[in-house]
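Here is a short tour of one protein chain, written to be read alongside its sequence and structure. Have a look at the model, then read on.

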Amino acid sequence: PRPTTPSAPLWDQPPPQRGWRVLGQLRRAYIVVETEEGLEIVDQHVAHERVLFEKWQDEGEVATQELLVPVQLEVPFDRAEALRRALPRLARLGVLLEPFGEGGFLLRGWPAPLAGRQASLGFQTPLLAVAELLLSGEPPLVELWREIACAAAIRAGEELSLREQEALIEQWKATREPARCPHGRPVALRLGWEELAKKFGR
C-alpha cells in the first residue's frame, strides 16, 4: 500500500444534530444520549469498534502511514512464525512488518486512520491480537480487520470531550449495524420514556 497522510481525528468536524443529544460520559466508559424515544447508554469502545470495522470493510484495503522511525517489536516464536507467513495479507491491512531476528520485527507502517493514536498506545497489543488469530489458521481479511478494530478502538477509561463524544455517536449511528460490535457484543442499552415513567410510578 502507498503511504498516505493520516486521516483527521473522528471528532475534527462538529456533527449535525439529528434528534439526539449527548448528555455526557459515565465512568469514562459509557456515553449517555437523549433521543426522542428515550435514553441510550452507549459503550464507547464497542461503538468505535463498529465504526472502524465498517470503514475498513467499505474501503476493502487499509491505507498505510509509514512511520518516520521503525518500531522494534519482539513476539513469542510461534506468533512470529504466524506473522511472517501473513506478511502480504497484513500489508493489505496497512501493517508493514519486516522480520528482524528470530522473534523480532521492525514495524514500518500502521493503518493510516490509526497511526497517530496507536503510536501513543503502543503497537504490541494489537499486533499480538492479530498473531493469536493467525495461529488458528488463515482467517479471512474480515477477521483480521475485526481484531485490529477491537485493539485500536477507544478504550474504557479514556476521557472524551463533549465534542469527541458527539462525533463518535454521530458516526456510530451512521453505521449499517449499530446494534452490535463486529464480535457480536451489544453497543447500547436503551430505556424508553414510557418505561422510565413506569419505574417512577407515573
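## A surface patch and a buried loop residue

In this predicted model, four residues, Leu-26, Tyr-30, Ile-41 and Leu-189, form a nonpolar patch on the surface, and together they have about 360 Å² of accessible area. One of them, Leu-189, sits in strand β7, which runs over residues 188–192. Leu-189 counts as exposed because its relative accessible area is 58%, and the cut-off for exposed is over 50%.

For a contrast, turn to Ala-112, which lies in the loop between β6 (104–111) and α4 (115–121). Ala-112 counts as buried because its relative accessible area is 4%, and buried means under 20%.

| Residue | Relative accessible area | Class |
|---|---|---|
| Leu-189 | 58% | exposed |
| Ala-112 | 4% | buried |

Now for the chain as a whole. It contains eight helices and seven strands, and its C-alpha trace spans about 70 × 35 × 30 Å along the principal axes. Of the 202 residues, 44% are buried. Among contacts with a separation of 6 or more, 71% are between residues 24 or more positions apart.

As for charges, the chain has 25 positive and 29 negative ones, and their mean positions are 3 Å apart.

Terms used. Residues numbered from 1 in each chain as written. Predicted model: local features only at pLDDT ≥ 70, side-chain atom pairs only at ≥ 80, totals over all residues. Heavy atoms only, no water. Patch = residues over 30% accessible without salt bridge, like charges linked within 9 Å, V, L, I, M, F, W, Y side chains within 5 Å. Areas by Shrake-Rupley, 256 points an atom, 1.4 Å probe, with all protein chains shown as cover. Salt bridge = Lys/Arg side-chain N within 4 Å of Asp/Glu carboxyl O. Helix = DSSP H or I, 4+ residues; strand = E, 2+ residues; numbered from the N terminus. Buried < 20%, exposed > 50% of the residue type's maximum accessible area, 1.4 Å probe, protein only. Contact = heavy atoms within 4.5 Å. Lys, Arg positive; Asp, Glu negative; His and termini not counted. Charge placed at Lys NZ, Arg CZ, Asp CG, Glu CD.
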